[in-house]
Amino acid sequence: WKPRFDGEERPAGSVEGGGITVIPDMMSLIGCSGEEFAAVLETLGYRKEERPLPPAEPETQDEAAGTGEQSAEPAVLEVWWPDGTGPFRRQRRKGDGGKRRKPAAQRAPGKAAAKPRPARPRRDRQPDPDSPFAVLQQLKERRKDT
């Protein structure tokens, strides 16, 4: 999500950098539970990152002692990212074939620039008379004649 104008509020469920967290409104739109929604996101190519949340602090010590629900397991926030974004962004490695070449002025001295390839001559081919394009061409020519 990117703001269209200054001061626009971030929608519920969006995460800085392009990720999302699942909110009940999302699940109700397609009518499925949390596990089913996770399966939908995985099918769409999203990947899950689990971020630990700081433990919630009870308001008073008496409430904390009385609840008996002090779990040792930290809460986790699931952030979903489109594949290749966020923490799953592909890192370039040295020697990667996908990196851009430096301009000739920035290359090390003595290295020659790549030789330009000669253009291939185009072969003149006759169109397939059974192709839909050939039929359209015939219709176009008939229209010119009338």
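A salt bridge here is a side-chain nitrogen of Lys or Arg within 4 Å of a carboxyl oxygen of Asp or Glu. With that in hand, the side chains of Arg-10 and Glu-16 can be said to meet in one, at 2.8 Å from N to O. The model is a predicted one, in which local features need pLDDT of at least 70 and side-chain atom pairs count only at pLDDT 80 or more, while totals for chains, interfaces and linings use all residues. Residues are numbered from 1 along each chain as its sequence is written, and side-chain values use heavy atoms, with hydrogens and water left out.

Now for the overall layout. Four helices and four strands make up the count of elements in the protein; helices (H or I, at least four residues) and strands (E, at least two) are DSSP runs, numbered from the N terminus. Read from that end, the order is β-β-α-α-β-α-β-α. Of the 146 residues, 14% count as buried, a label for under 20% relative accessible area, with exposed meaning over 50% and partly exposed in between (1.4 Å probe, protein chains only).

The structure holds six salt bridges. Arg-4 pairs with Glu-8, their closest N and O atoms lying 3.0 Å apart, and Arg-4 counts as exposed because its relative accessibility is 70%. Arg-51 and Glu-49 also meet through their side chains, at 3.2 Å from N to O; Arg-51 is partly exposed, at 31%. Lys-48, Glu-50 and Glu-78 are linked in a network of salt bridges.

Arg-117, Arg-120, Arg-122, Arg-123 and Arg-125 form a positive patch. Patch members have over 30% relative accessible area and no salt bridge, and like charges are joined within 9 Å, with the place of an Arg charge taken as CZ. One of these residues, Arg-123, sits in the loop between β4 (76-82) and α4 (132-145), and Arg-123 is exposed, at 70% relative accessibility.

Conventions
Patch = residues over 30% accessible without salt bridge, like charges linked within 9 Å, V, L, I, M, F, W, Y side chains within 5 Å. Areas by Shrake-Rupley, 256 points an atom, 1.4 Å probe, with all protein chains shown as cover. Lys, Arg positive; Asp, Glu negative; His and termini not counted.
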